[in-house]
Protein chains: 2
Amino acid sequence: MAETPQLTIATIADTAGVSISTVSKVLNGRPDVAQETRARVEEIIATRGYQRRGRRQAETRLIDLVFHELGSPWSVEIMRGVEDVASSERVGVVLSEAGGNHRPHQEWIDDVLQRRPLGVLLVLSELTAIQRRQLETRSIPIVAIDTLGEPPAGLPTVGSQNWNGGLAATRHLVELGHRNIAVISGDKAMLCSRARVDGYRTALAEVGVTPEPDLIRYGNFFFEAGYDHGRELLSRPERPTAIFAGSDMQALGVLRAARELGLSVPRDLSVVGYDDLPVIEWTDPPLTTVRQPLREMAAMATEMVLSMAKGAAPTNTRIDLATELVVRKSTAPPSEAW
Amino acid sequence: MAETPQLTIATIADTAGVSISTVSKVLNGRPDVAQETRARVEEIIATRGYQRRGRRQAETRLIDLVFHELGSPWSVEIMRGVEDVASSERVGVVLSEAGGNHRPHQEWIDDVLQRRPLGVLLVLSELTAIQRRQLETRSIPIVAIDTLGEPPAGLPTVGSQNWNGGLAATRHLVELGHRNIAVISGDKAMLCSRARVDGYRTALAEVGVTPEPDLIRYGNFFFEAGYDHGRELLSRPERPTAIFAGSDMQALGVLRAARELGLSVPRDLSVVGYDDLPVIEWTDPPLTTVRQPLREMAAMATEMVLSMAKGAAPTNTRIDLATELVVRKSTAPPSEAW
C-alpha cells in the first residue's frame, strides 16, 4: 500500500459532522453514542483507512479468549495452553462465550473496544466482517484457533491436521481387518469435519473399499450425536464392525449405544475417538483415539497474537499441528477374525 | 469505626520519605519500585488505614477468577456460573491459575493491582494476609468459592453443604443394606473433606456401625487417588461392599480398580461419587453421585463480589448451597441380599 497521510480523529469528526469526543467514544466502544452516528463514524474509519497507532500509556495487558461455547473438557485444554503462555508473559486472559443468547455480539465487541486487549483469540467462533474491521482499525490483532469454515483471507489460524487424523484412524481399523467401517463426524458445514471424512475415504480407497453413503454421518461433537447415530448404525442389517467417531464425547455416545444393544467393545465393535481428552483414558474400555494437540495449538496461537501485538507480522497465517493416533483398548480385529 | 481524616497519598509519601509518584506506583502495582521501598509504603498504607475511594474514570469492568489449578471438568462448571452473571452485567472475566510454579504470587498480585478489577473470586485458592490487605486497601473486594481450610474472618465464601452430602450418600448405601462401607475423601487438611467424612460417620452411627479406621481414606480429588485407595480397599480380606468417593474423578478410579479385580458394579460393589459433572452421566454404569451446585455457587459468588464492588456489604459472609443425592446405576443392595 502507498503511504497516505494519516487520517486524524479531527478529520473523521469533520467528515462525519460530529464532535471529536464522539469519534473518540466510538473508537473506544463507549455505549453512549446514537446507533446511526456510530455507523457513520465506523464507515469513515473503515473506508478511509484510519489506523490507531501506539497504545495508551497504562497498557492493558490482556488478551480476549472467545469460545463458541464453554462446557466441554475440550475447552479446558485450550485454556491451559493459552494460560501457559499468557501467564509467563504476565498477560491476563479474559474469557468470553460468544454466540450464546445472553451476550449479544455488538455488546461484546463494544466491551472489547473499551478494554483494548493486546489481541483476540477466537475458538471455533466467527466475527462478522464489520467486527473484524472494527478490531483491525484499532490495531487489535486476531488469531483463530480451529475454524468453522474457510477462514477469511488474512486471518491467521492455528489448527490441526484433520485429514491426516481421519486417515490414521481409518488405516488403523483397516489394518486390524475391518472393511465395514462407519464414520460419525461433526457438522458438515465445518471444514474439519469434512477433512476427517476425506481422510477416512482415502484410507478405505487404499484397500479398494467405497463406503455406502449411509455409513457416513454428520452431527455435532457432543455425546448425543454419537449415541443417536451409533444406535442407527448398529441397528443396520449389515452392522458395521467399527465406528470412527468425530470426538471423544461422540465416542462415549457410541459406547453407550453399543452397550444398550448388547454389543461388547472391542469384541463386537471397534471404536476410535478424536481429541484425546484426559478423561478418556479412564473410560471402559480406555479409548483408542486421535490426539489433537489442543494445548500446543492454543499456546502457539497465543504466542502469535502477542507477537502481532508487538507489531510483528505473523510468520505463517495458516498453521496445522500434527495429529497422532493413540491406540488403547477399544479397537481389535473384527470378530470373524477371532 | 470512628471517622478519621482520610490518609492522603501526599501524607503517605511524606511519612515514607518518597515521592508521590512512587506511592502511586505502589498503589497501582507497578513493578518499577525497589522492593524495600515498596514494603515501607505498603506498611504505611496498611497500618494507617489508607483506603482508595472511587474508581478511575475509565472504569475497568473486569473481575479476576483465580483457580488453584485448572484441568478438571469441575473448573468448567465454575467458569460457566461466573460467566452467566458476568456476561449479563457486561463484565469481563480474567482467568488465572494460582499456585502453579509459572505464576509467582507476587507477580500475580502486582498484575491485579495494575488492572484494578471490580473484584476477585478465589476458587480453592488462598491469599496471604498481606495479599488480602493489598486488595482491601485498594477497595477490591474478594469472595471465595469453596475454601481449603477455615476461611479468614470477614472473607465472604460460597460453598456447599458437604456434611449433608456425606450424610445423604452414606444413608443411601445404608438403606440399600450396606454396612461395610469405605470412604475416600480429599486432602485431610481441607475442611470439605472432613465434613463429608463426618456425615458418613453419622449415617453409620444411626445404624450402630462404627467404621474401622482403615476404611476411611484421604487423598486428593483426582482419578489416581480413587484408583490407588480403591485397589487397597478392595484387596482387604473383609472387602467393603460399597465405596463413597470424594469426587466423580475418584469414583472413576474406583470403577477402574473394581474392573481390574474382576468385580462388577453394582453387583459386587456399590460406588457413589461426588460433584455430578456432566461427563459422569455417560460412564459405565452411570454414576450415583452427590450433586454440588457448582454453577449456582459460582453465579452467587459473582453476584456477591459485583454488589460489593458497588459498595454493598455482603448480606451473609458464609453461604452453603444445598447438595443433593442423584441416584443412577452404580449402587444396589449388597450381593448377599440378591
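**Figure 1. Surroundings of A:Leu121 in the predicted model.** Leaving aside residues up to four places away in sequence, A:Leu121 touches A:Ile63, A:Asp64, A:Leu65, A:Val66, A:Val82, A:Val143, A:Ile145, A:Ala301, A:Thr302 and A:Val305 (contact: C-beta atoms, placed from the backbone, within 7 Å). A:Leu121 and B:Leu121 have the most contacts inside the largest nonpolar core, which has 160 residues. Such a core is a set of buried Ala, Val, Leu, Ile, Met, Phe, Trp, Tyr and Cys residues joined through C-beta atoms within 7 Å; a residue is buried if 20 or more other C-beta atoms lie within 10 Å of its own, exposed if 12 or fewer, and partly exposed in between. Because the model is predicted, local features are reported at pLDDT of at least 70 and side-chain atom pairs at pLDDT 80 or more, whereas totals for chains, interfaces and linings use all residues. Residues are numbered from 1 along each chain as its sequence is written, with chains lettered from A and ligands numbered from 1 in the order in which they are written.

**Figure 2. The interface between chain A and chain B.** On chain A, 29 residues are in contact with 29 residues of chain B. Two or more residues each are given to this side of chain A by helix H4 (73-88), strand S2 (92-97), helix H5 (105-115) and H10 of chain A (helices, H or I of at least four residues, and strands, E of at least two, are DSSP runs numbered from the N terminus). H4(A) provides the largest share, eight residues. By type, the side of chain A that touches chain B holds 12 nonpolar, six polar and 11 charged residues (nonpolar: Ala, Val, Leu, Ile, Met, Phe, Trp, Tyr, Cys and Pro; charged: Asp, Glu, Lys and Arg; polar: the others, Gly among them). Strand S2(A) runs antiparallel to strand S2 (residues 92-97) of chain B, and three bridges join them (strands pair if DSSP finds at least two bridges between them). Within this pair, A:Leu95 has B:Val93 as its bridge partner.

**Figure 3. The six-stranded open sheet of chain A.** The strand order is S7-S6-S8-S9-S10-S12, and the pairing is mixed. Strand S7 (216-218) and strand S12 (324-326) form the edges, each pairing on one side only. From one strand to the next, the twist averages 20°. Strands S6 (residues 181-185) and S8 (residues 242-245) of chain A pair in the parallel sense over four bridges, and A:Ala182 stands opposite A:Ile243 in S8(A). Helix H7 (residues 162-175) of chain A lies across S6, S8, strand S9 (270-275), strand S10 (288-291) and S12, running at about 165° to S9(A) (axes are lines fitted to C-alpha atoms, for helices over the stretch in contact, and angles run from 0 to 180 degrees between N-to-C directions). Helix H10 (residues 248-260) of chain A also packs on the sheet, where it touches S6, S8, S9 and S10 and makes an angle of about 155° with S9(A).

**Figure 4. The six-stranded open sheet of chain B.** Here the order is S7-S6-S8-S9-S10-S12, with mixed pairing. Strands S7 (216-218) and S12 (324-326) of chain B each have a single partner strand, so one side of each is left without a neighbour in the sheet. In the parallel pair of S6 (residues 181-185) and S8 (residues 242-245) of chain B, which has four bridges, B:Val183 stands opposite B:Phe244. Helix H9 (residues 223-234) of chain B lies across S6, S7 and S8, at about 155° to S6(B).

**Figure 5. Crossing of helices H1 and H2 in chain A.** The axes of H1 (residues 9-16) and H2 (residues 20-27) of chain A come within 8 Å and cross at roughly 110°. The two helices are therefore roughly perpendicular to each other (roughly parallel: under 35 degrees; roughly antiparallel: over 145; roughly perpendicular: 65 to 115; oblique: the rest). From H1(A), A:Ile9, A:Ala10, A:Ile12 and A:Ala13 meet A:Ile20, A:Thr22, A:Val23 and A:Ser24 of H2(A). Six of the residues in this contact are nonpolar, two are polar and none is charged.

**Figure 6. Backbone features in the two chains.** Most residues other than glycine have a negative phi, and most peptide bonds are trans. The peptide bond from A:Val265 to A:Pro266 is cis, with omega near 10°; A:Pro266 lies in the loop between H10 and S9 of chain A. Another cis peptide bond joins B:Val265 and B:Pro266, with omega about 10°. A:Arg116 has a positive phi, near 45°, and is placed in the loop between H5 and strand S3 (119-123) of chain A. With 19 other C-beta atoms within 10 Å, A:Arg116 is partly exposed. The phi of B:Asp275 is also positive, near 125°. B:Asp275 is found in strand S9 of chain B and counts as buried, with 26 C-beta neighbours inside 10 Å.

How values were computed
Contact = placed C-beta atoms within 7 Å.
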